[in-house]
2 protein chains.
Amino acid sequence: MSQRNTGVTPQVVNAHACPVREVLDRVSGKWSVQILVAAAHGPIRFTELERGIEGISRRMLTLTLRNLERDGLVTRTVHPTVPPRVEYELTPVARELHETLQRLTDWAERNRVYIAEARAAYDGEREPEPADA
Amino acid sequence: MSQRNTGVTPQVVNAHACPVREVLDRVSGKWSVQILVAAAHGPIRFTELERGIEGISRRMLTLTLRNLERDGLVTRTVHPTVPPRVEYELTPVARELHETLQRLTDWAERNRVYIAEARAAYDGEREPEPADA
DNA sequence: CTGCATCCGACAAGATACTG
DNA sequence: CAGTATCTTGTCGGATGCAG
């Protein structure tokens, strides 16, 4: 109970009725998906992820990685060399997820413009003073 | 600039490099998906949603609905009757999304156990004192 | 019935600094 | 190189009350 909960994962979470939310909660972290994508090409090192993701902090990288590992989505392999070398790799399950996410991407791509326009239209109706200063 | 931002939507959002995140951000709201699901069967009224979703507050229902409307995912139809009657319905684009989300659900269903076990195992390794009080 | 405004708590995530 | 610990902040979401 005195767990400080350092971040990211909803540990206690109320039982989800809906399985969709269950997935989303797991992937909804700000960085989870990007890590999944970055690691999709094959084993990748901590620092490579850090530099590859642009904007992520060490903390969030570690945290998110831990959660993915916890859920069995990535494996962590420590090579006991002189300069520590740790590699992360997607598990088969995560690869499936990655493919599914791909579908979402496709949807996003297809409808990006539609949505952007919908937003613009909606926002435009409410702030009808773009005339000038 | 003096927008108070009442909640939910990341208005200003930093340009997302990754389209996946774009979708997720749009759907990652705590209630977005459930509303999408609830409305998938056809036009549905505000109160019906409120009672059907269990646990959602009026505030969040309204806000999430607004966002979905803004993104062109739901349509809002006001029937000018004596007791106001408003119906929400998914747009075709949202229906596509709904189908895609279905894939995610399937993935979740298939691997629910796997993940649960992975978690249990991971957590178990770190708290090896379940002996007794 | 449908919806907005305000206040407030919880938690994810950023910044920074320190270690094996 | 690969983390961990602490502090702070931003934002989501809950509670409540008012209104067309």
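Start by selecting helix 1 of chain B, residues 19-27, which is mostly covered: eight of its nine residues are buried. Buried means under 20% relative accessible area, exposed means over 50%, and partly exposed is in between (1.4 Å probe, protein chains only). Helices (H or I, at least four residues) and strands (E, at least two) are DSSP runs, numbered from the N terminus.

This is a predicted model, in which local features need pLDDT of at least 70, side-chain atom pairs count only at pLDDT 80 or more, and totals for chains, interfaces and linings use all residues. Residues are numbered from 1 along each chain as its sequence is written, chains are lettered from A and ligands numbered from 1 in the order in which they are written, and side-chain values use heavy atoms, with hydrogens and water left out.

**Stop 1: helix 1 of chain B**

Colour the buried residues of this helix: B:Pro19, B:Val20, B:Arg21, B:Glu22, B:Val23, B:Leu24, B:Arg26 and B:Val27. What covers them? The cover comes from both chains and includes helix 1 (19-27), helix 2 (32-38) and helix 5 (92-126) of chain A, along with helix 2 and helix 5 of chain B.

**Stop 2: helix 1 of chain A against helix 5 of chain B**

Next, show helix 1 of chain A together with helix 5 of chain B. Two packed helices are described by the angle between their axes and the distance between the axes. Here the axes come within 8 Å and cross at roughly 70°. That makes helix 1 of chain A roughly perpendicular to helix 5 of chain B. Axes are lines fitted to C-alpha atoms, for helices over the stretch in contact, and angles run from 0 to 180 degrees between N-to-C directions. Angles under 35 degrees count as roughly parallel, over 145 as roughly antiparallel, 65 to 115 as roughly perpendicular and the rest as oblique.

The crossing is left-handed; that is, the near helix is turned anticlockwise from the far one by less than a right angle, whereas clockwise would be right-handed. To see the meeting residues, select A:Pro19, A:Val20, A:Glu22, A:Val23, A:Leu24 and A:Arg26 on the chain A side. Their partners in helix 5 of chain B include B:Leu101, B:Leu104, B:Trp107, B:Ala108 and B:Ile115.

**Stop 3: helix 2 and helix 5 of chain B**

Helix 2 of chain B passes helix 5 of chain B in a left-handed crossing. B:Val33, B:Leu36 and B:Val37 from helix 2 meet B:Leu97, B:His98 and B:Leu101 from helix 5.

**Stop 4: the nonpolar core**

Which residues have the most contacts inside the largest nonpolar core? Select A:Leu97, A:Trp107, B:Leu97 and B:Trp107; the core has 67 residues. A nonpolar core is a set of buried Ala, Val, Leu, Ile, Met, Phe, Trp, Tyr and Cys residues joined through side-chain atoms within 4.5 Å.

Centre the view on A:Trp107. Leaving aside neighbours within four places in sequence, A:Trp107 is in contact (heavy atoms within 4.5 Å) with A:Ile115, B:Val23, B:Leu73, B:Val93, B:Glu96, B:Leu97 and B:Thr100.

**Stop 5: the sheet of chain B**

Now show the strands of chain B. Three of them form an open sheet in the order 1-3-2, with antiparallel pairing. The edge strands are strand 1 (44-45) and strand 2 (74-79), each pairing on one side only. Two strands pair if DSSP finds at least two bridges between them.

Strand 1 is joined by two bridges to strand 3 (residues 85-90). In strand 3, B:Tyr88 is the bridge partner of B:Ile44, and B:Glu87 is that of B:Arg45. Six bridges join strand 2 to strand 3, and B:Thr75 stands opposite B:Glu89.

A hairpin joins strand 2 to strand 3 through five residues. Select B:Thr81 in the loop between these strands; B:Thr81 is partly exposed, with a relative accessible area of 42%. From B:Thr81 to B:Trp31 is 28 Å in space, C-alpha to C-alpha, and 50 residues in sequence.

**Stop 6: chain A as a whole**

Finish with chain A, which has five helices and three strands. Along the sequence the pattern is α-α-β-α-α-β-β-α. Of the 133 residues of chain A, 42% count as buried.
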